[in-house]
Amino acid sequence: MPYQLPNADLDLRERMYFPEVIRGVGIIMKQFFRNFFFGREKDPDILARDRSLSQNATLAYPEERVPYPPGYRGLHRLVPREDGRPRCVACYMCATICPAQCIYIEAGELPEDPIEKYPVKFVIDELRCIVCGFCVEACPKDAIRMDTGEHAPPSYTRSAQVWDETRLLRGPTVSYQYDPWLRRGSKSIPPEKLEEMRARAKPFPANATDEYAQTPGFSVRALAAEERERAKLPPKT
Amino acid sequence: MRRFFGMVLLAVSVPIAMTFLSRVVYQAVGWVEALATGAGAPPTYGAAIANVVVLMAGIVMTMGAALTVAERKWSAMIQNRIGPNRIRVFGQSAGGIFFLAADALKMLTKENIEPSQRSRVLYELAPMAAFAPSFVLFAVVPLGPPVDVIVAGVRHTVALQVANIDAGLLFIFGAASLAVYGTALAGWSSNNKFAILGGVRATSQMISYEVSLGLSLAGSMMAYQSLKLDDMVRAQGQLLWGGLPALGFFLQPVGLLVFFVSAFAETKRAPFDLPEGESEIVGYFVEYPGMKFGMMFLAEFIEVVVLAAITAAIFFGGWHPVFFEQTMREAVGAGSVWWASICAGAFLTKILLLCWLQLVIRWTLPRFRFDQIQKLCWKMRLPVTLGNVFLTAALILVDPSLELLALVGLAEIAAIVVVTAAVRRKAEGTVKPGAHTAAVAVGH
């Protein structure tokens with residue numbers, strides 16, 4: 001045993017049982033009165049709740065949610081560029097590596113640009129998805145992420161869980177300076193838009209960083225602060 | 001803060017609401033009595049019928065049904081969670097009270113599964129046999145003192161007690177014994193070996209605890225020199241040493257403890273709920289679907305209410321509002337209906353508090369094993385009860401005014417309090433060093 005348990009026999013007072021039972025009843029009564037007279041705090045950050053009055057640790061689910069941690073693999077999203085198109089070049093890496101084979105891509109050529117492809121159809125069946133995150137790791141263009149911070153919302157029909165590119169294209173835009181369409185210019189992006197995107201693009205990082213954690217709004221405390229804002233509660237220190 | 005004051009207000013308004021409810025009940029019973037005597041019935045018949053309808057079918061059934069919901073809410077409050085709150089009417093969950101309708105609807109609309117080889121008559125009879133005795137136990141409980149209610153200028157003496165028979169306590173023992181039939185029949189008639197085993201467990205537990213149930217009240221019978229519950233309640237109003245009301249709590253604390261625990265075991269309520277077990281062990285009602293199970297389930301809650309009522313009547317002063325009794329009686333007028341309503345309201349509040357206490361005890365203790373239940377009854381409870389009977393008899397013989405008994409009772413309470421509070425904190429380093437090094441040597 002890593003630590004020693006005090007496994008002493010019951011002494012006479014404990015063998016009578018009723019003193020300890022009465023003490024137990026007192027403890028239960030105390031818990032009852034604490035929860036009876038004081039309501040629970042509605043802070044989504046449960047650990048930050050004040051436990052001196054009511055120790056209720058419940059969240060009323062769908063109205064109050066626990067914010068998911070950074071790196072949570074949730075609902076997929078196709079990461080957009082600043083010009084509104086997806087970063088995806090339909091290279092089929094994600095579809096190939098997906099263990100559940102839930103991604104269906106149809107590639108199409110851009111009319112002005114003979115080099116780049118774009119996904120004409122990009123369909124993910126969220127019911128087949130096993131939420132492994134391989135597609136995110138496989139993508140060379142950081143075009144698919146699972147950082148939406150929510151899970152696939154439940155629905156009454158199976159067809160509602162088949163997400164196509166119009167539903168998947170959402171979230172903050174991402175650009176890097178080494179993106180091919182920025183480096184060599186792309187005929188499908190107008191020149192002034194290109195300059196703007198180049199100005200906003202992130203440089204190539206010197207060492208590998210966790211991109212998700214850099215995405216703003218991704219600390220649990222920050223998300224809890226946002227939810228508290230939404231529920232208009234007083235701020236915690 | 002808002003909730004604090006709201007809940008304090010709620011807690012204070014409960015006795016007041018009960019008082020007004022009792023006022024209405026007294027008036028209603030008086031009207032029916034007036035109608036009945038006008039139609040030629042003997043003096044208390046109409047009042048008895050009205051009492052049956054209003055008290056038993058109204059108050060007890062409502063309390064029992066509300067207790068099914070209240071149990072879930074109060075259990076949640078004990079366990080730091082919310083409890084059922086998702087049925088909302090106009091956006092308000094109102095403490096979960098609408099779950100009553102949901103539970104009732106659920107039980108009524110369930111499919112009626114009938115095992116094929118069951119004994120038909122006994123199978124149908126068992127829920128009724130389980131329900132009726134617990135329900136009927138309430139007939140002798142004196143909810144309110146007899147008082148003159150004036151209906152259309154005529155005085156009628158009305159008491160909120162269904163039947164004031166001379167053998168009040170004996171009736172209670174008899175009805176509690178009858179309650180065994182329901183569980184035995186339910187287990188036997190289901191054509192299911194596990195149900196029979198569950199029924200036998202339940203029956204033997206109930207029969208064992210009836211012995212201590214009866215004997216624990218023998219001391220109170222001697223102290224108040226009557227079997228009628230109404231006389232017992234009245235006798236608890238007498239003041240010892242000019243100030244202390246002769247409550248059963250002071251005179252017979254051991255009797256109270258034994259009776260309360262035996263009542264738990266009679267109702268098969270946790271921690272004595274091995275027979276029903278709730279998804280851990282097959283109970284005696286495993287073949288009962290829908291409302292048949294609902295009857296037995298409700299019977300358990302009604303028995304909780306009724307045994308709380310009997311405990312309040314015998315040990316906590318019944319309808320005496322123990323605090324500020326003299327001032328309230330002088331303020332309202334000793335013979336008026338409002339004084340009687342205050343008394344009945346106090347009784348109803350005591351019933352609520354004792355139901356709450358039973359619920360709290362449910363969550364304090366883990367379930368007892370069957371041999372522990374029986375050992376507790378026959379080896380611990382019975383000798384204690386017999387000792388209490390002898391001691392009480394000796395003390396009453398020595399001092400017929402109950403002062404010596406009260407002194408000994410207070411001494412017993414003080415002893416219990418002292419023993420409960422004398423918790424010795426064991427130091428962490430009481431382990432023998434040899435054992436520790438041996439464990440370390442084995443571990444590596």
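Author: Happy to. One term to begin with: pLDDT is the predictor's confidence in each residue, on a scale from 0 to 100. This is a predicted model, so local features need pLDDT of at least 70 and side-chain atom pairs count only at pLDDT 80 or more, while totals for chains, interfaces and linings use all residues. Residues are numbered from 1 along each chain as its sequence is written, with chains lettered from A and ligands numbered from 1 in the order in which they are written.

Reader: Good. Where does pLDDT stay under 50 in chain B?

Author: Over residues 428-444 of chain B. The model has 8 contacts beyond four places in sequence for that stretch; two residues are in contact if their C-beta atoms, placed from the backbone, lie within 7 Å. Where pLDDT is low, the predicted coordinates should not be read in detail.

Reader: And what does chain B average in pLDDT?

Author: Chain B averages 85, and 95% of the residues score at least 70. For the complex, the predictor gives an ipTM of 0.85 and a pTM of 0.82.

Reader: Let's do the interface, then. How many residues of chain A are in contact with chain B?

Author: 25 residues of chain A, in contact with 23 residues of chain B. On the chain A side, helix H2 (residues 18-37) gives the largest share, 13 residues. Helices here are DSSP runs of H or I with at least four residues, strands are runs of E with at least two, and both are numbered from the N terminus.

Reader: What's the make-up of that side by class?

Author: The side of chain A that touches chain B has 15 nonpolar, 8 polar and 2 charged residues. Ala, Val, Leu, Ile, Met, Phe, Trp, Tyr, Cys and Pro count as nonpolar, Asp, Glu, Lys and Arg as charged, and the others, Gly among them, as polar.

Reader: Thanks! How is chain A divided into domains?

Author: Domain 1 covers 10-39, domain 2 covers 41-67 + 219-237, and domain 3 covers 77-208. Those bounds come from an automatic or database domain assignment. The C-alpha centres of domain 1 and domain 3 of chain A lie 59 Å apart.

Reader: How many helices and strands does chain A have?

Author: 9 helices and 5 strands. Buried residues make up 19% of its 237 residues. A residue is buried if 20 or more other C-beta atoms, placed from the backbone, lie within 10 Å of its own, exposed if 12 or fewer, and partly exposed in between.

Reader: In what order do the strands of the open sheet in chain A run?

Author: E2-E3-E5, with antiparallel pairing. E2 (103-109) and E5 (162-163) of chain A stand at the edges, each with a single partner strand, so one side of each has no neighbour in the sheet. E2(A) and E3(A), residues 117-125, pair over 7 bridges, and A:Ile103 stands opposite A:Ile124 in E3(A). Two strands pair if DSSP finds at least two bridges between them.

Reader: I'm checking backbone torsions too. What is phi at A:Gln101 and where does that residue sit?

Author: A:Gln101 has a positive phi of about 50 degrees although it is not a glycine. It sits in the loop between helix H3 (93-97) and E2 of chain A, and is exposed, with 11 other C-beta atoms within 10 Å. A:Val131 has a positive phi as well, near 55 degrees. A:Val131 lies in the loop between E3 and helix H4 (134-138) of chain A and is partly exposed, with 14 other C-beta atoms within 10 Å.

Reader: Over in chain B, is helix H9 largely enclosed or open?

Author: Largely enclosed by the rest of the structure, because 13 of the 14 residues of H9(B) are buried. H9(B), residues 253-266, should span 20 Å at 1.5 Å a residue, and its end C-alpha atoms are 20 Å apart, which agrees. The expected span is 1.5 Å times one less than the number of residues.

Reader: Last one: what is B:Leu251 in contact with?

Author: Leaving aside neighbours within four places in sequence, B:Leu251 is in contact with B:Ala223, B:Ala246, B:Leu402, B:Leu405, B:Ala406 and B:Gly409. B:Leu251 is in helix H8 (residues 248-251) of chain B and is buried, with 31 other C-beta atoms within 10 Å.
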